Amino acid sequence: MREPGEGLGNVWVIGASSGIGEHFARLIDGEAARVAISARSGDKLEKIRSETQSLVPFPVDVTSADAMAEVAGAIETQFGSIDLAVICSGLWKVMPADQLDLASMHAAMDVNFFGAVNLVNAVVPGMKARRRGHIVIVASVAGYRGLPQAAAYGPTKAALMNFAETLKIDLEPFGIDVSIVNPGFVDTPMTRQNRFAMPGMISADQAARSMLAGIRRRKFAILFPWLFANTVRLANLVPNPLFFWGIRRMLRR
Ligand SMILES: NC(=O)c1ccc[n+]([C@@H]2O[C@H](COP(=O)([O-])OP(=O)(O)OC[C@H]3O[C@@H](n4cnc5c(N)ncnc54)[C@H](OP(=O)(O)O)[C@@H]3O)[C@@H](O)[C@H]2O)c1
């Protein structure tokens, strides 16, 4: 296990073609030893490479376990190791529970949840052999409780939170750190489609900086912006009648 404050080492950022992942990769450019950047859009990754010092594209679709393992192997061969793996890939779609679109629900689970599973499957063997590594999974405050119109998205993030707790417990003996990142609203292409109020919205650059600060401290749960994210987290402790009353009030029903 690395000590807090130690260097980042070789980093793999997934979901690095836009939003939080892109800003995070750009932020650590020149600071981490080497940085591999992944997403499906090879053209966007190439553009980012041309604008940065040390970011190396490895296009991949996170829904393919084989492709993820292959890319992890290629990065380890080229860099020597993956010390920090950060998965920011994700899909969000408004989905009211009376209009379930099953294909989109499966796609959300495949990308948001199984993408992280495929990452863990790909990097743990190497990290375990080196007895060193840090896996960072970006979930969302939307995973704390069921929220309106989030039938496709919320469950994927709740699953990630539970998965990360098991990872932390089971991987600690092998010197592998695990973090779960739960952002509130962040201004990225993902949220620009939303037509509802997004309180406490922060920029993708602020989000990347908060994430990096938490990663450096090896925090398990990294939440930001602090007030909004912790208020939503507290909703976890609120009794169900009060929670549903609050949601009805918010929706003015
Ligand atoms: N923005 C927010 O307010 C907010 C709040 C809470 C949590 N989050 C979470 O933060 C993470 C980043 O979101 P963002 O806002 O930065 O969104 P974004 O700008 O839409 O970025 C999503 C990234 O995921 C990649 N991606 C999507 N499907 C993929 C696949 N099958 N394989 C590989 N990469 C894939 C996209 O690249 P390609 O399309 O090129 O593959 C892109 O790089 C997500 O997990 C999201 O759920 C965001």
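Please keep in mind that the model is predicted.

Let's start with the fold as a whole. The chain holds eight helices and nine strands. Its radius of gyration is 18 Å, close to the 18 Å that the globule rule gives for 253 residues, so the chain is as compact as a globular protein of that length. If you follow the C-alpha trace along its principal axes, the spans are about 55 × 40 × 30 Å.

Now, the inside. Of the 253 residues, 51% are buried. Looking at contacts with a separation of 6 or more, 65% of them join residues 24 or more positions apart.

Let me zoom in on helix 5, residues 154–171. Its 18 residues reach 25 Å from first C-alpha to last, close to the 26 Å expected at 1.5 Å a residue. Which residues of helix 5 are buried? They are Gly154, Thr156, Lys157, Leu160, Met161, Phe163, Ala164, Leu167 and Leu171. A reminder for reading that list: an α-helix has 3.6 residues a turn, so residues three or four places apart point the same way.

What do the buried residues of helix 5 pack against? Their partners are helix 4 (102–130), strand 5 (133–138) and strand 6 (176–183).

Key: Residues are numbered from 1 along each chain as its sequence is written. This is a predicted model: local features need pLDDT of at least 70, side-chain atom pairs count only at pLDDT 80 or more; totals for chains, interfaces and linings use all residues. Side-chain values use heavy atoms; hydrogens and water are left out. Helices (H or I, at least four residues) and strands (E, at least two) are DSSP runs, numbered from the N terminus. The radius of gyration is taken over C-alpha atoms; the globule rule is 2.2 Å times the number of residues to the power 0.38. Buried means under 20% relative accessible area, exposed over 50%, partly exposed in between (1.4 Å probe, protein chains only). Contact means heavy atoms within 4.5 Å. The expected span of a helix is 1.5 Å times one less than its number of residues.
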